[in-house]
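Please keep the sequence and the structure in view while reading.

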Amino acid sequence: MANVILGLLLLAGPQTIYALNKHFEGGVGLFYRASLGALRGALTGLLERGEVTFTESVENGRSKKTYAPTEAGRAAFFAWLTGPVTGSDLETQALARTFFLGLLPDDDARRAVLDRIIERASADEAELRGVAAQLDSIQMPPELAAVFRFQRATLEYGLLTHRVGIEHFSRLRDSLA
């Protein structure tokens, strides 16, 4: 979440936590959920690492903090954006990086990020295919046939979503100049 916050601050400029929350609800929230409490926690971590700073002001008698990325925050964001795709939630990682691709300076840099996403999705798909092959080789007792059928359908969904993702990100990469 910290990298998404940094990206939003780089896209939209300095923001209050409430403005960040609106950005989540109106855009990034389509694929990345965040509560106000989770935003507060992530901002605290960003402040502790020196990746954001804030200014305090009073508006209509209420104190507010406006957050902005520091140079360390910019560096951390771009290291994440262009680095390896890690973590268990590939879809969220891929969509978050794609959302911010326009912040990169050129299509070569964007293509490299998309290549990393495609590489990770292909590796995950291959792993799922291996699981499918193992499952398909098991002699299933008749009393577990219904259970297996729907577990296998769940696995098939995972395979299909990886295939669609690979195709989507490949088309996007190939559309770059």
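Leaving out residues up to four places away in sequence, His 162 touches Leu 90, Ala 121, Asp 124, Glu 125 and Leu 128. The model in which these contacts are found is a predicted one. His 162 belongs to helix α7, which comprises residues 145-175. Is His 162 buried or exposed? Its relative accessibility is 15%, and because buried means under 20%, His 162 counts as buried. The side chain of His 162 also reaches the backbone oxygen of Gly 158, at 2.8 Å.

**Further single residues**

Arg 120 is located in helix α6. With a relative accessibility of 16%, Arg 120 counts as buried. When residues up to four places away in sequence are not counted, Arg 120 touches Val 85, Thr 86, Gly 87, Ser 88 and Leu 90.

Phe 99 is part of helix α5. At 36% relative accessibility, Phe 99 counts as partly exposed. Neighbours within four places in sequence aside, Phe 99 is in contact with Leu 8, Leu 11, Gly 27, Val 28 and Phe 31. The C-alpha atoms of Phe 99 and Ala 34 are separated by 16 Å, and these two residues are 65 residues apart along the chain.

Gly 102 has its place in the loop between α5 and α6, and with 61% relative accessibility it counts as exposed. The C-alpha atoms of Gly 102 and Tyr 157 are separated by 30 Å, while along the chain the two residues are 55 residues apart. Asn 60 is found in the loop between β1 and β2. Asn 60 is exposed, with a relative accessible area of 76%. The phi angle of Asn 60 is near 55°, which is a positive value in a residue other than glycine.

The table below collects the accessibility values of these residues.

| Residue | Relative accessibility | Class |
|---|---|---|
| His 162 | 15% | buried |
| Arg 120 | 16% | buried |
| Phe 99 | 36% | partly exposed |
| Gly 102 | 61% | exposed |
| Asn 60 | 76% | exposed |

**Helix α4**

Helix α4 runs over residues 71-82. How far apart should its end C-alpha atoms be? At 1.5 Å a residue, the 12 residues of α4 should span 16 Å, and the end C-alpha atoms are 16 Å apart, which agrees. The buried residues of α4 are Gly 73, Phe 77, Trp 80 and Leu 81. These residues cover an arc of only 100° around the axis, so they are on the same side of α4. An α-helix has 3.6 residues a turn, so residues three or four places apart point the same way. The elements against which the buried residues of α4 pack are α1 (2-12), α5 (90-99) and α6 (107-136). At the start of α4, a side-chain oxygen of Thr 70 comes to within 3.3 Å of the backbone nitrogen of Ala 72.

**Helix α3**

The 13 residues of α3 reach 18 Å from the first C-alpha to the last, close to the 18 Å expected at 1.5 Å a residue. Which residues of α3 are buried? They are Leu 39, Ala 42, Leu 43, Gly 45 and Leu 46. Seen down the axis of α3, these buried residues fall within an arc of 160°, and therefore they line one face of the helix. Their cover includes α1, α2 (17-26), β1 (52-59) and β2 (62-69). After α3 comes Gly 50, whose phi is positive, near 75°.

Two packed helices are described by the angle between their axes and the distance between the axes. For α1 and α3 (residues 36-48), the angle is about 80° and the axes are 9 Å apart. The two helices α1 and α3 are therefore roughly perpendicular to each other. In this pairing, Ala 2, Ile 5 and Leu 6 of α1 meet Leu 39, Ala 42, Leu 43 and Leu 46 of α3.

The axes of α1 and α2 cross at roughly 100° and come within 11 Å. Helices α1 and α2 are therefore also roughly perpendicular to each other. Here Val 4, Ile 5, Leu 8, Leu 9 and Ala 12 of α1 meet Leu 20, His 23 and Phe 24 of α2. Ile 5 of α1 takes part in the meeting with α3 and in the meeting with α2.

Methods
Residues numbered from 1 in each chain as written. Predicted model: local features only at pLDDT ≥ 70, side-chain atom pairs only at ≥ 80, totals over all residues. Heavy atoms only, no water. Helix = DSSP H or I, 4+ residues; strand = E, 2+ residues; numbered from the N terminus. Expected span 1.5 Å × (residues − 1). Buried < 20%, exposed > 50% of the residue type's maximum accessible area, 1.4 Å probe, protein only. Arc of directions from axis to C-beta. Contact = heavy atoms within 4.5 Å. Polar contact = N/O pair within 3.5 Å; in protein donor to acceptor, adjacent residues only side chain to side chain. Axes fitted to C-alpha atoms, helices over the stretch in contact; angles between N-to-C directions. Parallel < 35°, antiparallel > 145°, perpendicular 65-115°, else oblique.
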